[in-house]
Amino acid sequence: MTAERIAVAAQKGGVGKSFTSINLATGLAHASWRCLLVDADAQANSTSLFYALDDIELDLYDVVARGTDVRKVVLSTRVDGLDLLPSTLAVARLDHEMISMHRREARVFEALEPLLDEYSAIIFDLPPALNAVVISALSAATSLLVPTDASEWGLRGAKMFLEWGEDLRQARVLSADLLGILLTKFESGTRIGREVRGELYQSGLPLFDVVVPKRTGAERMIASRLVIGDEGSDEDINDAYGRLTLEVIQRVNDARTRRGRHAKG
Amino acid sequence: MTTRNRSTETITALLSSAPALTPVPDDEGGKGGDDRPVVDPPRVDDYDDDDLEAFELVADAPLVKPRRRREPEYQTVRINRPTAKILRAQWLRARSIDPMISYTEFATVCVQHGLRALKEQRERDAE
């Protein structure tokens, strides 16, 4: 069965893209969905949570730019059912090199094609940029999840990103279904948090029901390299990402049912 | 130990009975790849053999001046008007796939591909 390819993307930094990618991928693995986490960000946050970066010999750059067999690059993780296609700083060069590549928007898809039948889901952790790597990963995606933090800039960034996505959609580069907007770092006790949430509700955008609360425990999880379900992980974060996983599964399966009906005509 | 059990139990309780991935028909596999538009090559009739007469260039040398470098060894390609019209039409089509591609980038890639193809053809002819 062909993997569902979920891009976790936003043009604003610090909204929880990597944290969401890691914990959504972990949640899906816990739900018995065999999952590949593709770290497409040169900051390598997702990679560093599972491996010491010095230990990474091959990464996404080698797969896309050098044609290295993707199976030689994928690493297993300590989470049962979750594999990682790692990133290092070399991925920063990828964007420059993709400029002169023929059919560059298809490169990420083509690089992952041998693995599509081996996973239920492939999660793309994308950098906060609108560059060739992001376009290529978005082009490969079948679903799109856009995190935004509960701030005015976060809200504006999410709207701008979605407008840009519409341009790509009209150019037939992007065909992914928008699974939803995920509100992160939410503080129910602050007025700005409530205002942003209210504005998102009124925007008509497809929001996830679950909201990820702002917790210092999340920072502790990152510092201690923990994922949901680990000893010492934050209970509220566990609960939020567990429920997000269920919502994603529901929305993905609904989208796939629609695609199936559409394909049958 | 209590924390570990609680964290694991939270996730396990939530996700242990989650549904599996829904299958979709085979054509879904092409989404994101084969389903996307491809730049149509110009028709053979659109080419004028004279367009190729000046291709005495080195196939792998850079065609445009590298920015921020002190490398003067670049070459300039002159393109005649019919070829330029074809190139521009193809660039407009290419922009429907990649809205960010510039004309210079596109033309450079096309000419470089053309030069390499011509070089390979000449090598085959010489054998």
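1. pLDDT is the predictor's confidence in each residue, from 0 to 100. This is a predicted model in which local features need pLDDT of at least 70 and side-chain atom pairs count only at pLDDT 80 or more, while totals for chains, interfaces and linings use all residues. Residues are numbered from 1 along each chain as its sequence is written, and side-chain values use heavy atoms, with hydrogens and water left out.

2. For chain B, the mean pLDDT is 66, and 54% of its residues reach 70 or more. Confidence in chain B is highest in helix 3 (residues 103-126), at a mean of 83, and lowest in helix 1 (residues 2-15), at 69; helices (H or I, at least four residues) and strands (E, at least two) are DSSP runs, numbered from the N terminus.

3. Where pLDDT is low, the predicted coordinates should not be read in detail.

4. Chain A contains 11 helices and seven strands. Of its 265 residues, 59% count as buried, that is, under 20% relative accessible area with a 1.4 Å probe and protein chains only. Among contacts in chain A between residues at least 6 apart in sequence, 78% join residues at least 24 apart.

5. The C-alpha atoms of chain A fill a box of roughly 50 × 45 × 35 Å along the principal axes. For the model, the scores are ipTM 0.76 and pTM 0.73.

Technical notes:
Chains lettered and ligands numbered in written order. Buried < 20%, exposed > 50% of the residue type's maximum accessible area, 1.4 Å probe, protein only. Contact = heavy atoms within 4.5 Å.
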